[in-house]
Amino acid sequence: MTSKSTGPVPQIVPLLWGDADEFWRATADGVLRLSRCPDTGRFFFPPAPASPWGSHRPTEWVAVGGHGSIWSYVVVHPPLVGQFAEVAPYVTALVELDDAPGARVVGPVVARPGAAVGSVSGDQVHIGARVTLDLTSDATEALVVPRWVLR
Amino acid sequence: MTVALQDRAAIAGMGETRYAKHLDDTEAALAARVVLDACEDAGVSPGEIDGMVSYSVESVLDTALSNLVGSNDLSFFANVGYGGGGGPGCVGLMAMAIAAGRCEVGVVWRSRKRGSGGRPWAQGGSAPLVAVAAEFTRPAGILRPVDEVAMLARRYLHTYGITREQLANVALAFRRHANANPRATMHERPLSLADYLAARWISEPLCLFDACLESDGAAAVVMVSAERARDLRQPPVYVHAAAQGMPARMVPQVNYFVDDPLLTPSRVCARQLFAASDIGPADIDVAQIYDAFSPLVLWSLEGYGFCGQGEAGSFVENGAIEVGGRLPVNTSGGSLSEAYVHGFNLITEGVRQMRGTSTSQVDGAETCLVTGSETVPTSAILLRR
């Protein structure tokens, strides 16, 4: 929604503020780690310090694989802010992981590993489409946001 | 059966500003105006006000409003959380306070300059606006409330085979009601199915007409006991039942992570509402359903039991939610076509329907459901005359 200005575009980035730090530390290391209940083995998202189930023991952080299916997605159009204003329209999706059922993880859908947000169009995507995790580090970002590559 | 609340408190007066993209007055001035108007409408003195409830996101605090309108000492004051989920909850909380003897003359209000002011999601930096989940969803490009709703809407339309042409009935019905309502922002702007299908996307599968207006405005009601209301200027509008609902493991706005995200919060609210009510879904004559985005209306039609899960796309066809249909909904035009003031204009339109003074009056209407938003912890009231 912003017109071209001379200043830097304000970036929308993850915050480190406690309960989910482990998630972001792991993605920066190229690993997707999710929180799991130590009693029931059920995953949950967003991460939390204690399981909502069983004896509510502290969360286990478990590395999961990078394959899944699109549960739903949106094609986002302007008006937008931050870095997203310049790449719209773009597709972002909620993905169910094969080996962590119930833990849906959100992220932009991109054409190939390291490709830019907005590199696929809405008509390339459908519910149920198979995707692979991309945790390619982008030097301009302090933290790595998971992305999904269409298979 | 919960009986303590039933019909013990009533809405005795209401006030509303003009609704527009921009009003010159401040939110405080608008709030004071509608509270004074509501008192005048009821025939009570502002100096009698001893209770105040509003949304937790309301910027005009009770302390400020108490000064502005010259209230009595306040013996009850509280807020209800979660933005558009909380409007009917404010009325329900005030009804409980009056029934419990905590106050005698209560006001409930919302004043908001969303039209002139900033969009909350466009505030700078990365500060999350809602709970922990926004920490994940906003950096992933789900920036605005419309994006958050569109994610669930896509899955919902897909799961139940509901088409855009069916969804369009929500926007088209409310626009027709707005076309009959001179107060509505879209009073003079007809909307056709062709217009809807040609509109620009905001967040696919939602287009411009699936999203509410951005408005300046304020509205208020004054509430008293049923006994007192019968002696006042206007016919009483009784709060027959009130309820709130926050599903287990809920994440506000992005409730994507429960087992079935399509089971929306209204299901929890409806259980308590109808358990406390002599009125069931089949007895409701007219409904004002929170409509910041059109899919919310389909989910609430299912959640409050007007049709089965996944059946709302069919339910809204053939004029069913227009005046003359089986359940007229948002008879002032609602948030999509009258004004967006966090749903408070749905409460005032519910009052009008019970008084028989709506511009799209449902003949003989005796009961009206008013709901708060889906996708957040929600609330609802059942009004009767």
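Let's start in chain B, where strand 1 (residues 9–16) and strand 7 (residues 216–225) run antiparallel, joined by seven bridges. At one of these positions, E16(B) has A219(B) of strand 7 as its bridge partner. Strands here are DSSP runs of E with at least two residues, helices are runs of H or I with at least four, and both are numbered from the N terminus. Two strands count as paired if DSSP finds at least two bridges between them.

Before going on, keep in mind that this is a predicted model: local features need pLDDT of at least 70, side-chain atom pairs count only at pLDDT 80 or more, and totals for chains, interfaces and linings use all residues. Residues are numbered from 1 along each chain as its sequence is written, while chains are lettered from A and ligands numbered from 1 in the order in which they are written.

Now zoom out to the sheet. In chain B, nine strands make an open sheet with mixed pairing, in the order 3-2-4-7-1-8-11-10-9. Strand 3 (76–80) and strand 9 (286–288) of chain B are at the edges with a single partner strand each, so one side of each has no neighbour in the sheet. From one strand to the next, the twist averages 25 degrees.

Elsewhere in chain B, helix 13 (residues 344–355) has 12 residues and reaches 17 Å from its first C-alpha to its last, close to the 16 Å expected at 1.5 Å a residue (the expected span is 1.5 Å times one less than the number of residues). The helix is largely enclosed by the rest of the structure, because 11 of its 12 residues are buried. Buried means 20 or more other C-beta atoms within 10 Å of the residue's own, with 12 or fewer for exposed, partly exposed in between, and C-beta atoms placed from the backbone. Among the buried ones are F344(B), E349(B) and R352(B). After helix 13 comes G356(B), with a positive phi near 80 degrees.

Finally, how do the chains meet? The contact takes 33 residues from chain A and 31 residues from chain B, a contact being two C-beta atoms, placed from the backbone, within 7 Å. On the chain A side, strand 4 (67–76), strand 5 (90–97) and strand 6 (105–110) each give two or more residues, and strand 4 of chain A brings the largest share, six residues. Strand 4 of chain A also pairs with strand 5 (residues 201–204) of chain B, antiparallel over two bridges. There, V76(A) stands opposite S203(B).

Definitions and conventions: Axes fitted to C-alpha atoms, helices over the stretch in contact; angles between N-to-C directions.
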